[in-house]
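This report describes the fold of one protein chain.

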Amino acid sequence: MSIAIYPGSFDPITNGHLDIIERGSKIFDELIVAVLQNPSKKYLFTMEERIEMIKDAVKHLPNVEVDYFNGLLVDFARKRNAKIVIKGLRAVSDFEYELQMALMNKKLYKDLETVFIMTSTKYSFLSSSIVREVASFGGCVKDLVPPVVEEKLRQKFALKN
Ligand code: PNS
């Protein structure tokens with residue numbers, strides 16, 4: 001059985017992430033969305049909020065599970081018996097850092113393969129940080145994030161329609 005991990009901060013999950021999750025869930029038997037808790041990083045949303053939003057956004061996908069980790073991704077992958085990591089690639093600019101991470105993860109866990117899925121062009125400009133920035137100034141993020149995230153952002157900031 002193929003178990004894949006899709007790791008990230010998901011602060012918050014966007015439709016770009018969701019697109020990768022939906023496509024990844026068709027390729028692998030089981031997909032674990034793994035939310036990183038990095039103690040040295042300041043997040044807009046708590047771990048509980050990030051997990052809750054992802055769970056709501058993926059509830060239509062029966063083979064997708066949401067979990068969290070701290071520390072090394074390879075340790076989490078071993079713990080969950082997963083040998084595949086999936087990552088979305090938006091542009092060439094993503095590639096250099098992703099290649100570095102994929103090679104380091106392979107060095108730490110030789111059976112781990114990183115599989116890249118090309119982001120849909122309609123989401124190629126999208127990132128959690130740009131969504132946070134637009135929402136923080138009251139801009140509309142509809143169509144860019146799942147409805148549950150739009151609502152949560154609305155609660156954090158005063159969004160225009
Ligand atoms: O959504 P992000 O913040 O771009 O995701 C980055 C993430 C979580 C995939 C990456 O930072 C990660 O895997 N962190 C865990 C720590 C780790 O294993 N570092 C070594 C990787 S080379």
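Which residue in β5 is the bridge partner of Leu-89? The partner is Met-118.

## Basis of the model

The structure is a predicted model, in which local features need pLDDT of at least 70 and side-chain atom pairs count only at pLDDT 80 or more, whereas totals for chains, interfaces and linings use all residues. Residues are numbered from 1 along each chain as its sequence is written, and side-chain values use heavy atoms, with hydrogens and water left out.

## Overall architecture

The chain contains 6 helices and 5 strands; helices (H or I, at least four residues) and strands (E, at least two) are DSSP runs, numbered from the N terminus. Their order from the N terminus is β-α-β-α-β-α-β-α-β-α-α. The radius of gyration, 15 Å, is close to the 15 Å given by the globule rule for 161 residues, so the chain is as compact as a globular protein of that length. This radius is taken over C-alpha atoms, and the rule is 2.2 Å times the number of residues to the power 0.38.

Along its principal axes, the C-alpha trace spans about 50 × 35 × 30 Å.

## Strand β4 and its partners

Two strands are said to pair if DSSP finds at least two bridges between them. Strand β1 (residues 3-8) pairs with β4 in the parallel sense over 2 bridges, and Ala-4 has Ile-84 of β4 as its bridge partner. Strand β5 (residues 113-118) also runs parallel to β4, to which 6 bridges join it.

## Helix α2

In helix α2 (residues 47-57), the buried residues are Met-47, Glu-49, Arg-50, Ile-51, Met-53, Ile-54 and Ala-57. Their cover includes α1 (15-27), β2 (30-36), β3 (64-69) and α6 (147-156).

## Glu-98 in helix α4

Is Glu-98 buried or exposed? This residue lies in helix α4 (residues 92-108), and its relative accessibility of 13% makes Glu-98 count as buried. Apart from its neighbours within four places in sequence, Glu-98 is in contact (heavy atoms within 4.5 Å) with Lys-87, Leu-89 and Phe-116. The C-alpha atoms of Glu-98 and Asn-63, which are 35 residues apart along the chain, are separated by 25 Å.

How values were computed:
Buried means under 20% relative accessible area, exposed over 50%, partly exposed in between (1.4 Å probe, protein chains only).
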